[in-house]
Amino acid sequence: MRTVLIATALLAMPVTGLAEVVSQPPPPGATSCTGCHGSAGIPLDTLSAAEIETAMEAFRSGSRSVTLMNRIAAGFTAEESAAIARWLARE
């Protein structure tokens with residue numbers, strides 16, 4: 001009976017954290033970010049998707065200059081950058 005109650009309680013919980021539980025496949029190009037932004041690199045996990053997307057646009061336009069990121073960002077469209085940003089931010 002206790003197992004049934006626990007299972008019922010779990011099913012009644014909101015599903016807002018489902019994205020954190022279910023691993024989503026990365027969008028095209030996103031895995032190239034992990035080379036520099038992986039666990040031992042420059043962390044992005046404290047940034048929101050909007051912050052990452054804004055930075056990618058600045059790199060793409062040249063208004064924010066970092067030797068490697070300008071070239072990498074230029075290879076992505078705004079839509080691709082947005083998808084990558086959401087994936088990196090886990091949003």
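**Exercise 1.** Sort the lining of the largest pocket by class: how many residues are nonpolar, polar and charged?

*Solution.* Start with the count: 16 nonpolar residues, two polar ones and two charged ones line the largest pocket. (Ala, Val, Leu, Ile, Met, Phe, Trp, Tyr, Cys and Pro count as nonpolar, Asp, Glu, Lys and Arg as charged, the others, Gly included, as polar; a pocket is an open set of 1 Å grid points where a 1.4 Å probe fits, with protein on both sides within 12 Å along at least five of seven lines, and lining residues have an atom within 4 Å of a point.) This is a predicted model, with local features needing pLDDT of at least 70 and side-chain atom pairs pLDDT 80 or more, while totals for linings use all residues. Numbering runs from 1 along each chain, and side-chain values use heavy atoms, without hydrogens or water.

Next, look towards the middle: of the 20 lining residues, His37, Leu44, Met56, Phe59 and Met69 lie nearest the pocket's centre.

**Exercise 2.** Work out how α4 sits against α5.

*Solution.* Take the axes (lines fitted to C-alpha atoms over the stretch in contact, angles from 0 to 180 degrees): they come within 7 Å and cross at roughly 95°. So α4 and α5 are roughly perpendicular (65 to 115 degrees). Now name the contact (heavy atoms within 4.5 Å): Met56, Phe59 and Arg60 of α4 touch Met69, Asn70, Ala73 and Ala74 of α5. Finally, sort these residues: five are nonpolar, one is polar and one is charged.

Terms used
Helix = DSSP H or I, 4+ residues; strand = E, 2+ residues; numbered from the N terminus. Parallel < 35°, antiparallel > 145°, perpendicular 65-115°, else oblique.
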